[in-house]
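Let's take a walk through the charged side chains of this one. Have the model open and follow along.

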Amino acid sequence: MSHPKMHQHIGTQTVLLTLSVRLCIALALSACSTPQTPSTPSSSPSSSSSPFLPPPPAITPQPAHPGRLWLDFSLGDLWSINLATGAVISLSVPATVFPSQPALTPDGAHLAYLGAEKTSADTSSDRYAIYLDGAPLLPINGDLSYADPALSADGRQVWVTRIGVPTGASAQHTSGLAVQQVDVASPLTARLTITEAYQPTLSPSGDWLVYVRITQPLSGTKEIRVRQLSTGEDRRVVSDTQFYDVYAPRWLNNEQVIFAATDGTLAQDVSPTLPTLLGLIFPLHIATAHTWSGQVWRVQVSDGALKQLTQQPLQAPIVAPAPDGTQIAVLSGEGIWLMQSDGSQIHLISQDGGNGGIVWTD
């Protein structure tokens, strides 16, 4: 990929790390290769419009598990699954983008997602915008892109990861990643910025934020932190020495966070020519090029106490807690899993899986 403008005003460290993030997302979107509001999907079921993209996932109905799963495989479609019946709906999205990383308000009334600029039926550029209810909310802005949307309960605020360094900002010793809070009414003005951070998610109460922080941009070491929005209190809950990498923290309830972590194990390497830097800094993103093997963990926010929830290696697991926090859905390369919040009774409800995003709503 070529980024002539970025190379003009972003330092070498920022270029390497920002390109790593962009390339990792692009790999997921192209390797196999405006929604309505969530209450008005396009069709059910739907088959993929491109031969390069997978069909909708088929799941075993779960009558005892009410609610809906919203997910993607980072391959060009967003799906809504009725857990009780197994019915799958394909959501309509603009034809110009590949959607990924769905985020919803708890009532399912508002849907945000990352839209990767489409260059062909099965490939995308390295440019990403944020869409809300079918319309661009944070468009691509020069060298800046956006990812990891998270919505407030009322849908009026969005937390995102900004990728890139604004023109004129210092680019030395930085990853080029930052968490930003924006109002839907004025999205181009950030209310709060947390540098060296990404993958934000709000607590059910709305007063705490969890995110991943890069502690050493060149080595790519990461920790999980929480911030109280009303006071600004910010503290580490998972150290950068405890795991090789951590990914996609989600609030199980107001006191506990679940996340994926790996010791660096790769179950399969089908692309040994990829730059070493990508595997070092963002191994969890490269699920379509490297199949990383990880586990699901839970951490107590008050004291950092850890509990391992899964006991078998999973390929690139992404977690989604149930609205009441009693259960967890997991999207992995093997398929879609359900388990109790303590890790018990884990079972596979679909053999259709992959890298992407997943959310559980009522």
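Which side chains meet in a salt bridge at 3.4 Å, N to O? In this predicted model, that pair is Glu-223 and Arg-213. Glu-223 sits in strand 14 (residues 221-228) and Arg-213 in strand 13 (residues 208-216), so their contact ties together parts that are ten residues apart in sequence.

Glu-223 has a relative accessible area of 3%, so with the cut-off for buried at under 20% it counts as buried. Arg-213, on the other hand, is partly exposed at 29% relative accessibility.

Glu-223 also pairs with Arg-236 in a salt bridge, where the closest N and O atoms are 3.7 Å apart. Arg-236 is partly exposed, at 49% relative accessibility.

Step back and a wider pattern shows up. Arg-213, Glu-223 and Arg-236 belong to a network of salt bridges that also links Arg-225, Arg-227 and Asp-234.

One more pair is worth a stop: Arg-235 and Glu-233 form a salt bridge, with their closest N and O atoms 2.5 Å apart. Arg-235 is partly exposed at 25% relative accessibility, and Glu-233 is partly exposed at 36%.

And the tally? With a cut-off of 4 Å between a side-chain nitrogen of Lys or Arg and a carboxyl oxygen of Asp or Glu, the count comes to nine salt bridges.

Technical notes
Residues numbered from 1 in each chain as written. Predicted model: local features only at pLDDT ≥ 70, side-chain atom pairs only at ≥ 80, totals over all residues. Heavy atoms only, no water. Helix = DSSP H or I, 4+ residues; strand = E, 2+ residues; numbered from the N terminus. Buried < 20%, exposed > 50% of the residue type's maximum accessible area, 1.4 Å probe, protein only.
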